Amino acid sequence: LVKAGDKDVKVTDDMLPEFKEAAFVASHVWQLIFTKDKAVKYALSGEVQVKGKPALGMVISREGKKDIKVFFDKNSGLIVKAETRKRDPMSGKETTEERFITEYQDLDGRKVAKKFELLHDGKEFLKAEVTDVQFLDKLDASEFAQPK
């Protein structure tokens with residue numbers, strides 16, 4: 001089960017690829033920007049306005065994965081938006097997901113995302129604020145074990 005809004009949604013076999021894709025986007029978009037993996041392709045998508053500020057766009061492509069559009073604030077260079085197509089866990093329909101980082105915080109000399117907004121087909125889906133961040137030197141391998 002996953003929680004979407006205030007509802008519990010049972011994950012079915014046909015939904016599993018979408019959750020894997022969402023995990024790929026969430027956990028890898030930042031690494032994909034700087035990877036040396038030759039299977040990853042990049043293309044500039046031009047200047048746009050994100051939340052009323054100028055941003056530069058880039059499309060990240062990898063065979064077998066959906067394209068990810070990433071937008072960088074033109075002044076700070078920080079990521080302000082990531083966009084991809086995915087299946088909505090509530091409706092099961094294909095949707096455009098936009099993830100906005102609306103505020104960063106300084107932690108240990110690093111800029112870390114503090115506030116997020118998530119939209120599905122232009123409609124608010126989720127707002128979140130990071131209240132605690134810990135930088136770890138090492139993670140135990142059990143953290144990545146498949147749940148039973």
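Let's start with arginine 85 in this predicted model: with a relative accessibility of 37%, arginine 85 is partly exposed. Arginine 85 also belongs to a network, in which salt bridges with shared partners connect Lys66, Arg85, Glu94 and Asp121. One of its links is the salt bridge between arginine 85 and glutamate 94, whose closest N and O atoms lie 3.9 Å apart. Glutamate 94 is partly exposed too, at 38%.

Now for the sheet. Seven strands build an open sheet with antiparallel pairing, in the order S3-S4-S5-S6-S7-S8-S9. Strands S3 (40–50) and S9 (123–129) are at the edges and have a single partner strand each, so one side of each has no neighbour in the sheet. From one strand to the next, the twist averages 25 degrees. Strands S7 (residues 94–107) and S8 (residues 110–120) run antiparallel and are joined by ten bridges. Aspartate 106, for example, has lysine 111 in S8 as its bridge partner.

Back to the salt bridges: the whole structure has 14 of them.

| Salt bridge | Closest N to O |
|---|---|
| Lysine 74 – glutamate 47 | 2.7 Å |
| Arginine 85 – glutamate 94 | 3.9 Å |

Is glutamate 83 buried or exposed? Glutamate 83 is buried, because its relative accessible area of 17% falls under 20%. Lysine 69, by contrast, is partly exposed at 35%.

Methods
Residues numbered from 1 in each chain as written. Predicted model: local features only at pLDDT ≥ 70, side-chain atom pairs only at ≥ 80, totals over all residues. Heavy atoms only, no water. Pairing = 2+ DSSP bridges. Helix = DSSP H or I, 4+ residues; strand = E, 2+ residues; numbered from the N terminus. Axes fitted to C-alpha atoms, helices over the stretch in contact; angles between N-to-C directions. Salt bridge = Lys/Arg side-chain N within 4 Å of Asp/Glu carboxyl O. Buried < 20%, exposed > 50% of the residue type's maximum accessible area, 1.4 Å probe, protein only.
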